[in-house]
Amino acid sequence: MGNVFVVLTPLIHGIVKLAGLTPQTIEIEPGTLMNIWVPKEIVTKYDGKIVYVPPTKPAVLLLHSFAMDGIFTWFSQVLALTREYSVYVPDFLFFGGSITDKNERSASFQAEFVAKGLKKLRVEKVTLVGLSYGGMVGFKIAQLYPNLVNSVVMSATVTELTKSISLDSYKRLGLSSWSDLLMPTTVEGLKRMFSVGFHKLPWLPDFFYRNILETMFSNRKERNELLDCLVVPDTDVTSDTDYSQGIHMLWGDDDKIFDLDLANTMKIRLGEKTTLDWIKDAGHLVPLEKPFTYNKRLKSILECVTKDQ
């Protein structure tokens, strides 16, 4: 059947460009490059060099899951938001076109990477939207750069991926590590990853899964190292009250990884500035499984939190 992603990737990229975004490669520092989709109107040229101007609308930062890169994770949300917001969609290090020659693999390092990229783009204030791994990095950004982050919207994530949370998930899902689930090497393994991620996985032919395996899982060594560094001892967890921002949790009611009970516990620990809403018949990858419902809820939150931005 050929490689569907040879066709699908440029098609998705073309639609995103029509929606008003353009991909940029930014040198964060020598040896470290960020691939990020930004609003076309912020990219200008002066004396033959690319110059970035500040966003013209409230800035929204979309941080992707571990399952795929930024634009594949957030495709539907980009189309829904670009009319009213300046939308930024980076690829984390070792996803998409983002790369580094440094050995650091922590969520804090990813957070620093994103913050430095936004600074180069002259973004001073964002509302941050994070899914799963993107939420964990997003919580680090909110904690380390409180003046940058206006408020956060989090889906299917935790403030810290502790050893106890991980062991509980391993037991329920039959895993020995997160790599077992998130770094599949076979079609069956990839189907399992998506079946855990969705409330109800739609049928897709095997060649579609083979194409995903061939195109979406590069930098395997580095990504496995990212997952190893993500799990922290319970004794090393920072306080859940360290966030100055409002936190809005938007969940799938059938999240098989971080379920609603865990979300409720996290909401209580995070305190009065935190809200929790959920979408019926949706799993861990809620923005992909229920894009129209998710977009409606997300836009409602953004309307409230970006008034003063």
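# Close-up views of a predicted model

**Figure 1. Thr-162 in strand β10.** Thr-162 belongs to strand β10, which covers residues 161-162. The structure shown here and in the other views is a predicted model. Because its relative accessible area is 7%, Thr-162 counts as buried. Between the C-alpha atoms of Thr-162 and Phe-208 there is a separation of 34 Å, and the two residues are 46 residues apart along the chain.

Figure 2. Strand β8 consists of residues 126-131, and six of its six residues are buried. Val-126, Leu-128 and Gly-130 point one way from the strand, while Thr-127, Val-129 and Leu-131 point the other way. In a regular strand, side chains alternate between the two faces of the sheet. Strand β5 runs parallel to β8, and five bridges join them. In this pairing Leu-62 is opposite Val-129 of β8. Strand β9 also pairs with β8 in the parallel sense, over six bridges. Here Thr-127 is opposite Ser-151 of β9.

Figure 3. Four bridges connect β12 with strand β9 (residues 149-155) in the parallel sense. Met-154 has Met-249 of β12 as its bridge partner. Strand β13 runs parallel to β12, with six bridges between them. His-248 is placed opposite Thr-275 of β13.

Figure 4. Ser-65 sits in the loop between β5 (59-63) and α2. Its relative accessibility is 1%, so Ser-65 counts as buried. The Ser-65 side chain comes to 3.3 Å from the backbone nitrogen of Ala-67. At the start of α2, a side-chain oxygen of Asp-69 lies within 3.5 Å of the backbone nitrogen of Ile-71. Helix α2 spans residues 70-81, and its buried residues include Ile-71, Phe-72, Trp-74 and Leu-81. In UniProt, an unreviewed entry lists residues 58-167 as "domain: AB hydrolase-1". The span 58-167 is 39% helix and 25% strand, and its end C-alpha atoms are 39 Å apart.

**Figure 5. A salt bridge between Lys-102 and Glu-29.** Side chains of opposite charge can pair when their charged atoms come close. Lys-102 and Glu-29 form a salt bridge, with their closest N and O atoms 2.8 Å apart. Lys-102 is in the loop between β7 (99-100) and α3 (107-120), and Glu-29 is in strand β1 (residues 21-29), so the pair ties together parts that are 73 residues apart in sequence. Lys-102 is partly exposed, with a relative accessible area of 28%. Glu-29 is likewise partly exposed, at 24% relative accessibility. A network of salt bridges links Glu-29, Lys-102, Glu-112 and Lys-116. The model has a count of 12 salt bridges.

Figure 6. In helix α7 (residues 187-197), Glu-188 and Lys-191 are three residues apart, so about one helical turn separates them. Their side chains meet in a salt bridge of 3.8 Å, N to O. Glu-188 is exposed, with 54% relative accessibility, whereas Lys-191 is partly exposed, with 23% relative accessible area. In helix α9, Glu-225 and Lys-221 are four residues apart, again about one helical turn. The closest N and O atoms of this salt bridge are 2.8 Å apart. Glu-225 is partly exposed, with a relative accessible area of 23%, and Lys-221 is exposed, with 55%.

**Figure 7. Two loop residues with positive phi.** Most residues other than glycine have a negative phi. Asn-219 is not a glycine, yet its phi is positive, near 50°. Asn-219 lies in the loop between α8 (206-216) and α9 (220-230), and is partly exposed, with a relative accessible area of 23%. Asp-281, also not a glycine, has a positive phi of about 55°. Its loop runs between β13 (274-279) and α11 (286-289). With 31% relative accessibility, Asp-281 counts as partly exposed.

**Figure 8. A nonpolar surface patch.** Leu-11, Ile-15 and Leu-79 make a nonpolar surface patch of about 240 Å². Leu-11 is part of helix α1, residues 4-18. Leu-11 is partly exposed, at 48% relative accessibility.

Note on methods:
Residues are numbered from 1 along each chain as its sequence is written. This is a predicted model: local features need pLDDT of at least 70, side-chain atom pairs count only at pLDDT 80 or more; totals for chains, interfaces and linings use all residues. Side-chain values use heavy atoms; hydrogens and water are left out. Patches are made of residues with over 30% relative accessible area and no salt bridge: like charges are joined within 9 Å, nonpolar side chains (Val, Leu, Ile, Met, Phe, Trp, Tyr) within 5 Å. Accessible areas come from the Shrake-Rupley method with a 1.4 Å probe; for residues, only the protein chains shown count as cover. A salt bridge is a side-chain nitrogen of Lys or Arg within 4 Å of a carboxyl oxygen of Asp or Glu. Buried means under 20% relative accessible area, exposed over 50%, partly exposed in between (1.4 Å probe, protein chains only). UniProt positions are given in the numbering used here, feature names are shortened, and annotations may be inferred rather than shown by experiment. A polar contact is a pair of N or O atoms within 3.5 Å; within protein, one must be able to donate a hydrogen and the other to accept it, and residues adjacent in sequence count only if both atoms are side-chain atoms. Two strands pair if DSSP finds at least two bridges between them.
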